[in-house]
Amino acid sequence: MDLHASRWVQIACVLLTLALVAASCTTRANDSQFFGLVKPPAENVLRYISGDEPESLDPQVSSGQPEARIYMAIFAGLVEYGPKTDAPIPELAEHWEVNNDNTEFTFHLRPNLHWSNGDPLTAQDFVYSFRRALSPALASRSAYLAYYIKYAEGYNSGAMFVRDPQSGAFVLARDVELEAQTKAAETQSPSAPVDQKQLAEHPELAKGETTELDTPFHHFMHEPDRLVVSGDEAERAKAAATNPKLKAALAGKELVPVKAEDIGVEAPDEQTVRISLAQPAPFFVGLLAHQLFRPVPRQAIERFGAAWTQPQNMICSGAFKLEQWKPYNVIVVGRNPQYWDASNVNLDKIYFYPTNEATTMMNMYKAGEVDATYNHTVPPAWLDRIRPLKDYMNAPEMATEYYQINITKPPMNDVRVRKAFNMAIDKQALSDFRKVTKPLYAFMPEGIFPGYAKVPGDGFDPAKARKLLAEAGYRDASGNYDPTKFPINQVELSYNPSESNRAVAEFVQAQWKQNLKLTVPLKAIEWKTFLDTRSRLEYKGFSRAGWIGDYADPFTFLALFYTPKGDNGTGWWDPKYVKMLDDANHQLDPQKRYALLAQAESYMLDAQPVIPLLTNATNLMKKPYVKGMYPNPQTLHAWKFVYIERDPAKWDYGVPDMSAE
Amino acid sequence: MLRFIMRRILVTIPMVLIVVTLTWGLIRLAPGNFYSGEKKLPPAVEKNLREKYGLNQPWYVQYYRLMRNVVQLDFGTSLKYEGQSVNSILVRTVPVSAILGLLAYLLALTVGLIAGVLAALKQNSKIDYASMALAMLGISLPSFVLGPLLVLIFSLTLYWLPPARWNGFPSWNLLLPVLTLSAIYMAYIARLTRSGMLEVLRSDYIRTARAKGLKELDVILRHALRGGLLPVVSFTGPALALLVTGTVVVERIFALPGLGNYFINANLNRDEPLIIGIVAFTSIVILLFNLLVDIAYAYIDPRIRY
């Protein structure tokens, strides 16, 4: 029986193989320009794979991109991500003004805005939403994005103001600053602080004045910064121990918690939202498109609590409103007739299908059951076949990969050595090898920020690299580069384990071996431990890093080296660089500001604390008949511009033109 | 009998509590947290989160709270899915998995029984070899191979059936996942039925029945099948329990909103209440189905008494 059985198995296997071959042949025979069926949906709808099941439909709770794309349909912000570049475009705010040092933004709402239930949407809704976003009880994971707002961090972290119980006067931040800090602070805020009494008498002294909208709160915002201390007693004591002025200031004072009402957001009238920042941040408008800053319906939240996100309770403000939410299955949004620009919304409905299983979504796409997918959905093994197709969207992304260098330890404390290792990598070859990427020579991802002058950075030059190493002292008697002199045991390349990180590390290792005759040992470290060694600068040599921009502005990348702590991870920190960034952020003219930022980038690259490797590229599918949807740097799509084109002559054959907004 | 059932149900409670405790400990040992992601959260944000979900309390307080909730069959609120209680997730997902599992098992039972009985009756015939070869194929072909294969043929080549998604019951979307899911069970049932039947067909009481001149159909359906089914029945308990409580692979391949899909994501997300809720539910169902099997045994085999 066994013999016969195996014969049957053989026959069955042959049959299956035949079926597979037949299957692959038939698919090849299809229209080879696109992947699978190309048949526009019968109705005027878009069916979109949105990735992971949303954690919540509350835009202030979940921080992820899968959710962001759904929020973009049902909640409108002051501004929206532009469909082509992600740069902010007016949404609920018709226009806005910035004061002369980029610390105060005044937004003017469009007239007659409404929630989907018909209630008016006013400036007060923004004040409520911003305060909610920052409340410690909500514990929003994106709350830190709002820390640019004055006293926002203090409120969110439960910090305290310090008040003299007798006079009622608050202790100011500058009162406890040590000498060095005071100097730095002066360079940061060029406008001299205005005395409160003087302000009360002469309201026009306030910066960025629109005198008719002057309010007591506005004055409060323009008082010198109050001292904010930790709400935790132990932490306060620690800070006081290192700062005698702070210790003196705390003695005999009472602590007043920073309240929601203290954060720098106010509604001077129904149609104006004024935001005061703790520091100059010209890119702040771009940040306001983030879900955290989209207004949420106070009425529904106060009535239903956490259940306000259920379709029957939900009140929306976007181009669409929530119709159905079946977790792990589908989210359906339909036209919102109350939306201010409802007549320009193209689609009747959008179906968001939450799945993160790459093969499954590719199957659905191929079978023509969905019209587009979210980013990074084509599995690596499929790329060779899918990349040439005209519905594959491959465009630069606002994300980079680079190696940090620990410049505090020899031999990497020598800039010539750092430059040599950078020049010894053929980044074009690396990018070809990685497929979904573009080579990165400077620190800014290329082609993302229109108008930002590209910093060239050093190219691939192994001869010069060897020369630099020889100059750095690693040479033989005749002055030629000698790899045996290099202390290779002092250098490692550490990365957190993942298939792609290892592949890149091995590639770079091979390049160095080939071009510098040096074999740098690789070291894989578990993720949490890796983060720890990186931030404490305990690694030797190189450590893998990647960065995804938070907002469409070069500062999101350059700010990595703004402080020596945090995500810097290199030990390189230069007050001159900080000054250059500050100067740029005080600059009102965007062109001049970009030029200053590019100078700062170039200055940083001269010190080479990092080895730039790759700009990531988008990796998604979109049927040719889906128009008005672009693989922009964050692949965030403003849905009201998306439409279904039924005339094949007007379809997108390849990546659509994204040059102008 | 009643005492036996009561005793078994009482034993279930400590068993579930032990399972929950072990799961709770394992989650604690796993690195990472439900809020840890690619970007490091500022300490203030992290502190707010830990306070909101009571993670700043000592472990025994958290454990006590968990046990108190489990005893009341209230598993709390999901950490990942804000505002969704674990119970509401169970209520929503169990029917999906149950429909899928039951349909798959019914299909497996029907086809498996018929194939198994035929194979046993016509031992060493072509029918026997064919059905056992197919059964072998079903056992050795894992669902993560069979599922995509069926999708490739029926959805992506012939464009007959949808490749994925839940579309309610009944719908064409169910056909491929049910087929994928049932294959291995079909195969097992066919083989178990065949061997069970072969054993029974040679036993004395069948010979007696035949000698008494009963019709062949009566002999098979009333006497042989009853005995030959015993292995299938004992297989049914755990199999059905696993089928009903979600099948991770098939639910993921076909993007179905069932318990299995939630379970795998809950683990990846370190969503402690959801993991514990699903584990507790699954263990209750498994213990319950085993009890049902024991009861069914008593009815099928008169020699068994508790």
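## Helix H2 of chain B

In this predicted model, helix H2 of chain B spans residues 43-52, and its buried residues are Ala44(B), Val45(B), Asn48(B) and Leu49(B). Viewed along the axis of H2(B), these residues fall within an arc of 135°, so they line one face of the helix. An α-helix has 3.6 residues a turn, so residues three or four places apart point the same way.

After H2(B) comes Gly54(B), with a positive phi near 70°.

## Contact between chains A and B

Chain B contributes 42 residues to the contact and chain A contributes 44 residues. On the side of chain B that touches chain A, at least two residues each come from H2, helix H5 (126-140), helix H6 (143-157), helix H11 (248-253) and helix H12 (259-268) of chain B. H6(B) provides the largest share of that side, seven residues.

By residue class, the side of chain B that touches chain A holds 28 nonpolar, seven polar and seven charged residues.

## Chain A overall

Chain A contains 21 helices and 24 strands. It has 661 residues, of which 46% count as buried. Taking contacts in chain A between residues at least 6 apart in sequence, 70% join residues at least 24 apart.

## Domains of chain A

The domain assignment divides chain A into domain 1 (2-75 + 298-393 + 620-650), domain 2 (91-158 + 177-226 + 258-293) and domain 3 (396-617). Between the C-alpha centres of domain 2 and domain 3 of chain A the distance is 36 Å.

Contact between these two domains of chain A involves 14 residues of domain 2 and eleven residues of domain 3. On the side of domain 2 that touches domain 3, the elements giving two or more residues are helix H5 (179-188) and helix H10 (284-287) of chain A. That side of domain 2 comprises eight nonpolar residues, five polar and one charged.

## Strand S1 of chain A

Strand S1 of chain A, residues 45-49, is mostly covered, with four of its five residues buried. S1(A) pairs in the parallel sense with strand S13 (residues 349-353) of chain A, over five bridges. Within that pairing, Lys349(A) in S13(A) is the bridge partner of Val45(A).

S1(A) also runs parallel to strand S14 (residues 372-373) of chain A, joined to it by two bridges. Here Ile49(A) stands opposite Thr373(A) of S14(A).

## Nonpolar cores

The largest nonpolar core has 230 residues, and the members that touch the most others are Ala146(A) and Ile350(A). Helix H7 (residues 175-201) of chain B gives this core its largest share, 14 residues. Apart from neighbours within four places in sequence, Ala146(A) is in contact with Phe130(A), Ala133(A), Leu134(A), Ala152(A) and Leu292(A).

Another core, of 18 residues, lies apart from the largest one and includes Val86(B), Ile89(B), Leu274(B) and Val279(B).

Note on methods. Residues are numbered from 1 along each chain as its sequence is written. Chains are lettered from A and ligands numbered from 1 in the order in which they are written. This is a predicted model: local features need pLDDT of at least 70, side-chain atom pairs count only at pLDDT 80 or more; totals for chains, interfaces and linings use all residues. A residue is buried if 20 or more other C-beta atoms lie within 10 Å of its own, exposed if 12 or fewer, and partly exposed in between; C-beta atoms are placed from the backbone. The arc is that of the directions from the helix axis to the C-beta atoms. Two residues are in contact if their C-beta atoms, placed from the backbone, lie within 7 Å. Ala, Val, Leu, Ile, Met, Phe, Trp, Tyr, Cys and Pro count as nonpolar, Asp, Glu, Lys and Arg as charged, and the others, Gly among them, as polar. Domain bounds come from an automatic or database domain assignment. Two strands pair if DSSP finds at least two bridges between them. A nonpolar core is a set of buried Ala, Val, Leu, Ile, Met, Phe, Trp, Tyr and Cys residues joined through C-beta atoms within 7 Å.
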